[in-house]
Amino acid sequence: YVERIGETLVVLGFVSESVVRKALIEQTSELIYEVVRWRTGRFTFSVGIELVAAHKASLAMETSALVMEGFRRVDEWRLIEGSFDFDDVLFPDPVAIERLGEEANLKSDERAVLSAIDGEKTIREIVNAATGSSFEVCKILYQLLNSRLVRRKAPLSTA
């Protein structure tokens, strides 16, 4: 018998079953959205085979909502993806940030991404180190670039 991490946390009293269920739904949704974004790949669907863990979780997620959100994200992702290269290095624009001041109304995840931008890390490094989905982090980077709170560092010339 293999006990899942969520089950262990419930048994130890750290979280409730509803919290674990919500986390499983969020995690599963994010994975599905990532798969929808793939341009190539091989997939296998096995009819009639039921995994014990899947049956036990019994998330009963609505397929149409997942597909609609997945394709909405694909459209948004294509816009975001075309706006920067993952090897770009970004730096914060202190004048723009100061001008924005307290009116910024940045959410905590936006502030976390902004604080990770140091003029040295590439976008890839920022995304890999951040908490949250790559989609959400890239969306925040896209917004920060478009609002000119951050800028691309000019590439070093090789001449």
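Predicted model: local features only at pLDDT ≥ 70, side-chain atom pairs only at ≥ 80, totals over all residues.
Visitor: Which pattern of helices and strands does the chain follow, read along the sequence?

Guide: The chain has eight helices and two strands.

Visitor: Why is the chain described as more spread out than a compact globule?

Guide: The C-alpha atoms fill a box of roughly 60 × 40 × 30 Å along the principal axes, and buried residues make up 26% of the 159 residues. For 159 residues the globule rule gives 15 Å, and the chain is more spread out than a compact globule because its radius of gyration is well over that value, at 20 Å.

Visitor: Where do the buried residues of helix H6 lie around its axis, and which elements do they pack against?

Guide: Helix H6, spanning residues 108–116, has Glu110, Val113 and Leu114 buried. Seen down the axis of H6, these buried residues fall within an arc of 100 degrees, so they line one face of the helix. The face turned away from that buried side carries the exposed residues Ser108 and Ser115, while the buried residues pack against helix H5 (94–100), helix H8 (134–146) and strand E2 (150–152).

Methods:
Residues numbered from 1 in each chain as written. Heavy atoms only, no water. Helix = DSSP H or I, 4+ residues; strand = E, 2+ residues; numbered from the N terminus. Rg over C-alpha atoms; globule rule 2.2 N^0.38 Å. Buried < 20%, exposed > 50% of the residue type's maximum accessible area, 1.4 Å probe, protein only. Arc of directions from axis to C-beta. Contact = heavy atoms within 4.5 Å.
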